[in-house]
Amino acid sequence: MEKLISVKNVYFQYPGQEGYALENVTFDVFAGEWVALVGHNGSGKSTLAKMLNGLHFPQKGSVEVCGYELNEQNIWEIRKHIGMVFQNPDNQFVGTTVEDDVAFGLENQGIPREEMVNRVIEALKHVKMEQFLNQEPHHLSGGQKQRVAIASVLALRPSIILLDEATSMLDPKGRAEVIETVKTLKERYQLTVISITHDLEEAVKADRVIVMNGGKVFSEGVPKEIFGLDEQLVQLGLDIPFAVKLRKALQEKGISVSSQLMNEEELVNELWTLHCSK
């Protein structure tokens, strides 16, 4: 697979702080992949998100994005390839209407007006928000605001979408809306997604999970491998997804359910199949 991001032996330390915020961090991200970077507060995941967007530079090691090494000369080229959706959607809105907000980034890039109008409508359709074109952003729900923020990124047509705790301020319904939207767009357009999160329920959706702890990569693998760490994750301050907890509890009670089950839908389907077979 095509390698879009390569992080090699990266170190970063904030001025005046003891120890490294990132220490010898190495991993790759490939085209079309969804990678979840998880960890508790202070694990280094947010510092890493800022570095991938060019807000920090490695003090040792290297970061390469879409063939460009991260440095001051290449920063604007790199930002063309990465679209970032932040934690608080209200901090991202700059326009008086949804249409104005999605168009803002395109105007900054000097996109011709006719193409800009088409891109705005197309991007809002992708996130099912085209009927809110002339709506004021502050009238939207949290989930709707994040879907508009995603549309603003999509309109710029980046290779990679970076979600920086993008669901942490949403209620369960809004969180589900955003994750399902991203999942659908990833599959439809073969987007590469990196989600920075402390929520392992969100990480279940990823193709691969990287667990950060103390500025280092603690573990890396597919969700099944990572959630198999169980108590080790709890000791790191992370919670196990509800479906995984319930699956383990059922297995301890002697109910034969597959160890491959990672989410509630899969678990419900398997329990229904077991019930119908009796």
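Helix α6 is followed by Gln190, whose phi is positive, near 55°. This is a predicted model, in which local features need pLDDT of at least 70 and side-chain atom pairs pLDDT 80 or more, while totals for chains, interfaces and linings use all residues. Residues are numbered from 1 along each chain as its sequence is written, and side-chain values use heavy atoms, without hydrogens and water.

Helices (H or I, at least four residues) and strands (E, at least two) are DSSP runs, numbered from the N terminus. Buried here (under 20% relative accessible area, 1.4 Å probe, protein chains only) are Gly174, Val178, Ile179, Thr181, Val182, Leu185 and Lys186. Seen down the axis of α6, these buried residues fall within an arc of 155° (from directions between the helix axis and the C-beta atoms), so they line one face of the helix. The cover over them includes β3 (34-38), α4 (113-126), α5, β7 (160-164), β8 (192-197) and α7 (200-203), with contact meaning heavy atoms within 4.5 Å. On the other side of α6, Pro172, Lys173, Glu187 and Arg188 are exposed, that is, over 50%.

The largest pocket holds about 730 Å³ of space. Of its 22 lining residues, Met84, Phe104, Gly105, Val153 and Leu156 are the closest to its centre. A pocket is an open set of points on a 1 Å grid over the protein atoms alone, where a 1.4 Å probe fits, with protein on both sides within 12 Å along at least five of seven lines; lining residues have an atom within 4 Å of a point. The largest share of this lining, five residues, comes from α3.

Notes: Points joined across faces, edges and corners; volume = space filled by probe spheres on them.
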